[in-house]
Amino acid sequence: MTRFQKLTPLPKQKKINSLCPHLQFIAPHFDKYVAASRQVMACLARFDPRFEAAGLDEAFVDVTEFVTERQKENEGFSALDAANEIRAAVRAATSLPCSAGLAPNRMLAKIASDLAKPDGAFEVPSSPPSALAAWVSATSVRKVPGVGRV
């Protein structure tokens, strides 16, 4: 028979304090998080007006049209170049680091972004398709959001 125990915050805090007596708890400043998020999202909208926010600190941006337009001026312009421009725009507007993951779908882009943390860009190899298959095969399933320890 499995038993479940609900821990209240006070016992958890006492346990945390006993393990780390010098730990300081800092009150959150949600209004500042929202303001910074709005600045970041405004930067993203310049690159893809139809971007999709996935919370305060994450969004999915399709740079296909932006890259196509830039390639008219600079044939060698790539999605990675676009990601670096986005990261620079976010840094200039907010002084915050920004990680970018480039991939053919959202799940792989999320994994790529996680691999790029804390302040980089990572592009999943997707051409030829065998390169994508090889990369996915070599990537641990624990990298998939929601799989593994929580």
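Leaving aside residues up to four places away in sequence, Ala 100 touches Ala 83, Arg 87, Ala 112, Ser 113, Ala 116, Gly 120, Ala 121 and Phe 122, where contact means heavy atoms within 4.5 Å. This is a predicted model, in which local features need pLDDT of at least 70 and side-chain atom pairs count only at pLDDT 80 or more, while totals for chains, interfaces and linings use all residues. Residues are numbered from 1 along each chain as its sequence is written, and side-chain values use heavy atoms, with hydrogens and water left out.

**Around Ala 100**
- Ala 100 lies in strand E3; helices (H or I, at least four residues) and strands (E, at least two) are DSSP runs, numbered from the N terminus.
- With a relative accessible area of 14%, Ala 100 is buried, a term for residues under 20% relative accessible area with a 1.4 Å probe and protein chains only.
- The C-alpha atoms of Ala 100 and Val 61 are separated by 9.7 Å, and these residues are 39 apart along the chain.

**Nonpolar cores**
- The largest nonpolar core has 15 residues, and Leu 44, Ala 82, Ile 86 and Val 90 have the most contacts inside it; such a core is a set of buried Ala, Val, Leu, Ile, Met, Phe, Trp, Tyr and Cys residues joined through side-chain atoms within 4.5 Å.
- H2, H3 and H4 are the elements that give two or more residues to this core, and H2 gives the most, with five.
- Another core, of five residues, lies apart from it and includes Leu 108, Ile 111, Ala 112 and Val 124.

**The largest pocket**
- On a 1 Å grid over the protein atoms alone, a pocket is an open set of points where a 1.4 Å probe fits, with protein on both sides within 12 Å along at least five of seven lines, and lining residues have an atom within 4 Å of a point.
- The largest pocket holds about 1,200 Å³ of space, a volume being the space filled by probe spheres set on the points, which are joined across faces, edges and corners.
- Of its 43 lining residues, Ala 59, Phe 60, Val 61, Ser 99 and Gly 101 are the closest to its centre.
- H2 supplies the largest share of the lining of the largest pocket, six residues.

**The second largest pocket**
- The second largest pocket has a volume of about 160 Å³.
- H3 supplies the largest share of its lining, four residues.
- Among the residues lining the second largest pocket are Arg 46, Phe 47, Asp 62 and Glu 69.

How values were computed. Buried means under 20% relative accessible area, exposed over 50%, partly exposed in between (1.4 Å probe, protein chains only).
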